[in-house]
Amino acid sequence: MVDIKTLHNLERKTLPLIKEGILLSVLIDKSDLKDVEVMRAIQWLENKKLLSTKEEVSVKYELTSKGAESKEKGLPEKRFLKAIKDKRKQQTELNSELKKQGLSELSPPEMGVSIGLLKKNGFVNVINDKGTFFEITKEGEKANFDQLEKLLSNPIEDKEAIQRGLIQKVTRKDKIITITKELSTLQKDAKNYTSNTVDRLTPEMLKSGKWKDVEFREYDVEVNVPKINVGRKHFVNKSIEYMKRIWLDLGFTEMSGDMVQTIFWDLDTLFVPQDHPARQMQDTFYIKDPKSGKLPDLFKKVKEVHENGGDTGSTGWGGKWSKDEASQNMLRTHTTVLSAQYLEKIKNGEYKMPAKFFSVNKVFRNEALDWKHLFEFNQVEGIVVDPNANLKHLKGYLKEFFGKMGFTDVRMRPAHFPYTEPSVEVDVYNPRKKTWVELGGAGIFRPEVTKTLIGVEVPVLAWGLGMERIIVEYFGFKDLRDLYNNKLNLLREMKEWMK
Amino acid sequence: MPTVTLNRKVFEKLIEKKLPIEKLKDRISMIGTDLEDITDEEISVEIFPNRPDMLSEQGFARAFKTFIGQAKGLSKYDIKSSGEKVIIDKSLQDVRPFTACAIVRNLDLDDEKIREIIQIQEKLHVTYGRNRKKVAIGIYPLEKIKLPITFKAEKPEDIIFQPLEGEKEIDANEILEQHDTGKKYAHLLEGKKKFPVFRDANNKILSMPPIINSHDVGKVDLNTKEVFIECSGFDFDVLHLALNMIITALADMGASVESMILEYSDKKKITPDLTPRKMKIDLDYVNKILGTNLGDKELKENLEKMGYGYEKGEVLIPAYRADILHQVDLIEDIAIAFGYENFEEIIPNVATTGQANSFEQFKEKVTNILVGLGYLETKTYCITNHQHQTYQMNFNAETIKLANSISEEFDTLRYWMIPSLLDVLASNKHQEYPQNLFEAGQVFKKGGTETGVLENSRLGVVICQNDADYTKIRQVLDLILNFLELKYEVVKEDHPSFIKGRCARIKAKGKKIAYVGEINPKVLSNFELDMPVAAFELNLTELFKLID
């Protein structure tokens, strides 16, 4: 049972006017409130199931602005005839005659319409006698405009009046109201209900103490309220921040570096052979200009390692290593390039072992965009440079990370990457879908990589995980492109990263 | 990476075992191949590039058989000497100097076996052979050839034969110009004055590697019982390995393999030679890398499971394994034999201090201010469109273009942020206004770095609403700079992307760090935007240096 007290002022003011079967438009006419206020009140009452409304389309005929003008000033053709009632007149004399008679003047368009109509009906003759004169005919004297005038005071459908643009057909959507018993009861209550309920608490009330004498209207607190828009970080960036947090908590230092690199850093320092299929044009974005960059002195050592293994105990790949090939500029294909650069920082003394590094950042692959491929995406990169590190630790770090990402188990499968040995494919168990999902590659860097970059052979655990693939399911996407389509409604309404 | 389709019946016959499907699936993925599909007839697997020896039913089954314990250690092959010769002429020196050859007899061919042989040849060409550049393989019915064989380089006009699937005899130049396969591989002989050619004792041409075989003697069919096989290229060891991969597969089919004498101008070689290579292995090193506690016996077992032999600290590496460069390569195989699934996870107690990148932290602080102001962050690509960054912005700039993008729409690296943000506005015209956005992203231009490309992180901010104007956007910029306690001056400076007289440059400590203003309606109309936009672009990299 709805209490009269909980009704909004607008509802209470509208309530007495409501009758069974009344149209909303009629209600609006009768009410002192603004149209929108009445509509709102009815909407609220309907939400409370005190009444119901049914849409009704009503057809009405109304005066146009021209029609209203004719009603007020008199039909232009009637005025025209009055002006020449006694004497034929030239067009230029008409308005002064009308003024004399105390009638409204004819505007140029009214003049045109009148002449046309009157001629057509044979109410005037046009006489050319040293100028053009209009003369009323016998029919004109008898002319009767009652029917048209009646239409102007009470517009109904009329072909001629519509054609002349005096009357228009108006289709209006209206609502017919059906009331409930409860509403009738409330209406009775409303009669006896006098109160000093107020809608809003104001600073004045607080200052004057008037708040003590009023009662506050109770709200329907269960009703929906309109949405608001907020400032927000991009949801992908929020999950990236979270991943960074995990690595920081695990004692990792964040790496940074350029996206444009020489192939040297991206592949050669990582012992990827120069004729490796992955180097072919289709996988890598090369830079047009500047086409090549400068190589650090380290290249001499890298060349040796590729050709014959250098001092690493490896046979190397054999063949000739080309400096020109390695000097080409490209967009990094993996953030492992940063790992290579940070290993060298250990040699330079910038960092000390044991050291742990991570980055979550962009990498690029020259692929066509489709639902499971992006040409620009993020990689979760990590390395552990620790003389005591081993394959079990690698699984430990991965399991720790993925556990915090909501995956319950991690599985390692054999894989192949030119710069790690052993190489590991990382599968994680998705407890919601009950399946294993492949989410990245990992391994222990080859001595050809570590000895060359650090100067001593130390096991370096390394991983590169697909960031987008880790989060895409959380946000309910199937298509990776949806992560970066920047639809504002999506950015505004996307659920929070709650991990 | 190559996918091979294996005949499941042939495979099961070779491993002498039928495994339940789930077990089969599991073992295939745990041996280090990626299972694509499995049916009653076929197994499709992706073979990683380090294991070209597994690209055939026979090679795959050989590895699998020891892995599941159906056999152990080195596979034994009996190679007889044929005593036959291949004479390698020194004219090949700058052309294609090496070959490794063999004779295989007692082939009992059927359509299935022919398919298998073709598959081995094709897959090796594409992968280990690097599309025939590194290794080109030829297989010829021995019945049609008179031994000995000569390998030499000749002038193209002297090499005249009917190429495989060709209509008539033509010369080498015509083959490269007219024949489909000739055209496809012509680049491999580019710039050579002489082309390599195999001829038999009757001077009949067998083939012109790495391009094509002859139509007469270059094709194996159901009647073929004996074949001559050659691999040609630039590195003898590589060719020998490829040859070993092929002949061991043929031997596993039941054929018998015979060696040949290769008479190089300066030395003699005999191939194939399946004597295993020896490599020392350090058990402590193995256990250190894997975190295991294996003894010598377990080491031996695990190595034998992967098809190796082991004797007193030395590993005997099969002569078809091309991927063992260092003992870590053996360690990986030991790990595979041990079972990747059997390594438990350990979180080691290594004391290191986590350290966030200070610039990244700075960026986060600045963007947090914008979130507080009710701005929405977007995330767009660094790879964008040149026209879009310049012409559409009524602005000229030398952007960094990509050499080989497969998409015309994405041909250049981002020069500045505002175009990316205008793009987002343009694709959201039906969404609620105001649309106030920001993004901190990487921009690229020429500069004096190692690569010659200078990267900066820049913050773009746009206000897009009915009454977007200079004051509103300046207030935001002022707020950020004041929070950073940076002294700066605002200097009137026009920019073609902004309305004349409504654009300013921000300078601090002599550096220009930002543009701010109302976007030129010409630009807005280029983006088909019908709502005013005020924007600023702030160089965060530069700013960070100033406040540091």
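## A hairpin in chain B

A hairpin connects strand β2(B) to strand β3(B) by way of 3 residues, in a structure that is a predicted model. Strand β2 of chain B covers residues 34-38 and strand β3 of chain B covers residues 42-46, and the two pair in the antiparallel sense over 4 bridges. Within this pairing, B:Ile38 has B:Ile43 of β3(B) as its bridge partner.

## Helices α9 and α10

Helix α9 of chain B (residues 296-305) packs against helix α10 of chain B (residues 327-338) at an angle of about 90°, and their axes lie 8 Å apart. Because angles of 65 to 115 degrees count as roughly perpendicular, that is how α9(B) stands to α10(B). On the α9(B) side the contact is made by B:Leu299, B:Asn302, B:Leu303 and B:Lys305, while α10(B) contributes B:Ile334, B:Ala337 and B:Phe338. Sorted by class, this contact has 5 nonpolar, 1 polar and 1 charged residues.

## Helices α11 and α16

In chain B, helix α11 (residues 358-372) and helix α16 (residues 540-547) cross at roughly 105°, with axes that come within 11 Å. The helices α11(B) and α16(B) are therefore roughly perpendicular to each other.

From α11(B), the residues B:Ser358, B:Phe359, B:Phe362, B:Lys363 and B:Val366 meet B:Leu540, B:Thr541, B:Leu543, B:Phe544 and B:Ile547 of α16(B). By class, the contact between α11(B) and α16(B) has 7 nonpolar, 2 polar and 1 charged residues.

Note on methods
Residues are numbered from 1 along each chain as its sequence is written. Chains are lettered from A and ligands numbered from 1 in the order in which they are written. This is a predicted model: local features need pLDDT of at least 70, side-chain atom pairs count only at pLDDT 80 or more; totals for chains, interfaces and linings use all residues. Side-chain values use heavy atoms; hydrogens and water are left out. Axes are lines fitted to C-alpha atoms, for helices over the stretch in contact, and angles run from 0 to 180 degrees between N-to-C directions. Angles under 35 degrees count as roughly parallel, over 145 as roughly antiparallel, 65 to 115 as roughly perpendicular and the rest as oblique. Contact means heavy atoms within 4.5 Å. Ala, Val, Leu, Ile, Met, Phe, Trp, Tyr, Cys and Pro count as nonpolar, Asp, Glu, Lys and Arg as charged, and the others, Gly among them, as polar. Two strands pair if DSSP finds at least two bridges between them.
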